[in-house]
Amino acid sequence: MFGNLKMEKTQNKICVDCKNEFEVDSGDLVLYEKVGLKVPEQCFFCRLKQYSAFWIFGKFRKGKSDLSGEGLITVLPQKLRYPVYKSHEWWSDDWDPLSFGQDYDSSRSFFDQLKELQEKVPRPHQFGKNNTNCDWCDDVWESRNCYLSRAVFKCENLNYGYRVVESKDSFDLALSFNLQNSYECLGCHDSFNLNFSENSKDCIDSYFLFDCRNCQNCFMCWNLRNKQYCIRNKQYSKEEYEKELKNIRLDSYKNIQVLQLEFENILKNKSVHREHFNLKTTSSVGNYLTNCDKCFNVFSYENSQNCRNQLRGFDTKDCIDQLGCCFSEISGDNSCNLSGYELKHSIWSQEAKYSEYLDICYEIEYCFGCVGLRKKKYCILNKQYNKEEFENLKNKIIFNMKERGEYGKFLPYSMGLGDYNLSVAIVYFPDIKKEEIISRNGYWSEEDLSSQDGISSLKLLDSILDTKPEVTSQALICPETHFRFNISQAEYEFHKRKNFALPRLHFDLRMLKKARKTAVLKSYPYKCFYCGKDINAYYPPEWGYQKIACEECYKQNIA
C-alpha cells in the first residue's frame, strides 16, 4: 500500500507530537516496506504512548454486566463509552456483532465512524481464559486461585503478581518465571523460597540476592555463582550461617526497611551490572531479549526475529511498531494482538489476517474497521459484503482516508479504552501530564481514589509476631498513594508462616515500583567498569550504579 519507499540510509524527522528529532534508519524503512506501513510521523516514544492508551492497567472494581445484570469484577473504568459483558456472555451466541453493522459515510472521518461502532459493541469484562477462581485478576491465562494479579500465565495461588509465568504459592512477584514459595521478587527465575531478590536464577532458601545463580542458603549477596551459606558475599559454615540468620529479624518492618536500604546501596556501589539483560540473542539492540535475532530497538521480547521498535511480546517475526503483541508475522502499528498475520493498525485482536483497523476481533480475515467480530470475512464496519464489494469499498475508504490524512495512522487517543492515567503507560511513562493527553482528545481520570476510611498502615504493629488474625478485617491507608487496602487472609497466613513483616504500601504501588525498574526504554553512555571501553547501558544515571560492565567483561568476571 505504501510501496516504493525511498530507500535512504536514514531519514531524520521531527515528531509531530513532542517536536523532538528522531531517526528512521534503513532497517526500519525496509520493514515498513515489507509490512506495508507509511513512515511514521511520531517518534518511537510517542508511538508507544499512543499504543498504551489501549492497554488498561486500571483499578479492580465491582460492576454489572450490561447484558444480564450479573455482578462482575473488572479493571475497565467506572465510566465507560461501551457496554461490558461478562466474559462467558461475550463469547456466547446471545448477541450478534453483525447486528451493529453500519454503512460507510464518505462525507465523514472514518475514525469517527469506527469510534461510533466501538461505543456500541460490548467488550468482555476480563481478558484471559481457562482460569479457576481468578475473578480479581486481568489478563490471566490457565491459572488457579490467583488474586489481584495482571498478565499471568499458568500460575497457582499467586497474589499481587505482574507479568508472572508458571509460579506457585507466592506473593508480590514481577517479571518472574517458575518461582515457588517466594516473596517480593523482580526478574527472578526457577527458584524456591527466594525472597526480596532481583535478577537471580536457580536459587533456594535465600534472601536479598542480586544477580546470583545456583545459590542456596544465602543472604544479602550479589554476583555469586554456585555458592551456599554466604552472607554479604562472605562464606560461612552451615552452623555459622544458621546462627547468623537467626539474628536477622525479617518479622520486623523497621528492620526490613533497613535491609532494603542496604540492598539498594549494594546495587549502587558493589554489584556489577551487565550492560543489558539479553540472553541467547544475536545481532540485536534492546533489553530483556531472550532467544532473539536481528531485533532492533526491541524490549522485553522472546523467541523473535527481524523485529523493530517493539515492546513486550514473544514469537514474532518481521514485525515493526507494536506493543504487547505475540505470535505475529509481517504485522505492524498494533497494540495487544495475538497471532496476527499481515495485520495493521489494530488492537486486542486474535488470529486475524490480512486486515486493518480492528478492535477485539477473533479468527477473521480480510476485514477493515470492525469491532468484536468472530470468524468472519469481508466485513467493513461490522457489515457483511462479498469479496468484490469488500475490495471496492475498502479501496474507496482508503482513498478518502488518505485525502483526510488519516490512512496509515494508528487509532486516535479518542478511541482509547479508558483513562490514560490508569493505563499501562503509568509503568513506562509515569511522568506524562494530563494536558498532553487531553490535547490529543484522550481521557484522564479526575476521580479521587484516596480514602480516609481506615488507619494508616504505618500504625500496624512492627512485628508480624505481635500481629493477630483480626488485622485482616482492618481497613488500611497506604502512606504514599493514600489508597485503601486490606491484608487478605491468605496474605496474613503467608507472612505468618514465612515470619515476614506485613507490607505497608498498597499492592498496586508495590507492583509498579518493581515493574518500573525494567521499564527503561533508552540506553545511556557509560564506560565498562573493567576495560573502560564506551558502552550503552539501560540504567538511568540517577540510579547511581557505579559498576557497569560490557558483555564480554561481565562474562569473563561474573558469569
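Visitor: What should I know before I start?
Guide: The model is predicted: local features need pLDDT of at least 70, side-chain atom pairs count only at pLDDT 80 or more, and totals for chains, interfaces and linings use all residues. Residues are numbered from 1 along each chain as its sequence is written, and side-chain values use heavy atoms, with hydrogens and water left out.

Visitor: How do I read a helix, and which residues of H1 are buried?
Guide: Start with the terms. Helices (H or I, at least four residues) and strands (E, at least two) are DSSP runs, numbered from the N terminus. Buried means under 20% relative accessible area, exposed means over 50%, and partly exposed lies in between (1.4 Å probe, protein chains only). H1 covers residues 26-35, and its buried residues are Asp28, Leu29, Leu31, Tyr32 and Val35.

Visitor: What happens at the start of H1?
Guide: Look for a polar contact. That is a pair of N or O atoms within 3.5 Å; within protein, one must be able to donate a hydrogen and the other to accept it, and residues adjacent in sequence count only if both atoms are side-chain atoms. Here a side-chain oxygen of Asp25 comes to within 3.0 Å of the backbone nitrogen of Gly27. Just after H1, Gly36 has a positive phi of about 90°.

Visitor: How many residues of H2 are buried?
Guide: Eight of the nine residues in H2 (residues 44-52) are buried, so this helix is mostly covered. Among them are Phe44, Arg47, Lys49 and Tyr51.

Visitor: How do I read strand pairing, and how do S3 and S4 run?
Guide: Two strands pair if DSSP finds at least two bridges between them. S3 (residues 61-64) and S4 (residues 71-74) are joined by four bridges and run antiparallel.

Visitor: In what order do strands S28, S29 and S30 form a sheet?
Guide: The order is S28-S29-S30, in an open sheet with mixed pairing. S28 (455-456) and S30 stand at the edges with a single partner strand each, so one side of each has no neighbour in the sheet. S28 and S29 run parallel, joined by two bridges. Ile455 has Leu476 in S29 as its bridge partner.

Visitor: Where does Thr481 lie?
Guide: Thr481 is in the loop between S29 (476-477) and S30 (484-485). A polar atom of the Thr481 side chain lies 3.1 Å from the backbone nitrogen of Phe483. Contact means heavy atoms within 4.5 Å. Leaving aside neighbours within four places in sequence, Thr481 is in contact with Ser450, His506 and Leu509.

Visitor: Is Arg123 buried or exposed?
Guide: Arg123 is buried, with a relative accessible area of 1%. Arg123 belongs to strand S6 (residues 123-124). The Arg123 side chain makes a polar contact with the side chain of Asp359 (2.8 Å). Beyond neighbours within four places in sequence, the contacts of Arg123 include Tyr82, Trp90, Trp348 and Leu417.

Visitor: How do I read a pocket, and what volume does the second largest pocket have?
Guide: Rolling a probe the size of a water molecule over the atoms shows where empty space is left. On a 1 Å grid over the protein atoms alone, a pocket is an open set of points where a 1.4 Å probe fits, with protein on both sides within 12 Å along at least five of seven lines; lining residues have an atom within 4 Å of a point. Grid points are joined across faces, edges and corners, and a volume is the space filled by probe spheres set on the points. The second largest pocket has a volume of about 950 Å³. It is lined by 30 residues, and the closest to its centre are Glu184, Gln260, Leu505, Lys513 and Lys514. H6 gives the largest share of this lining, seven residues.
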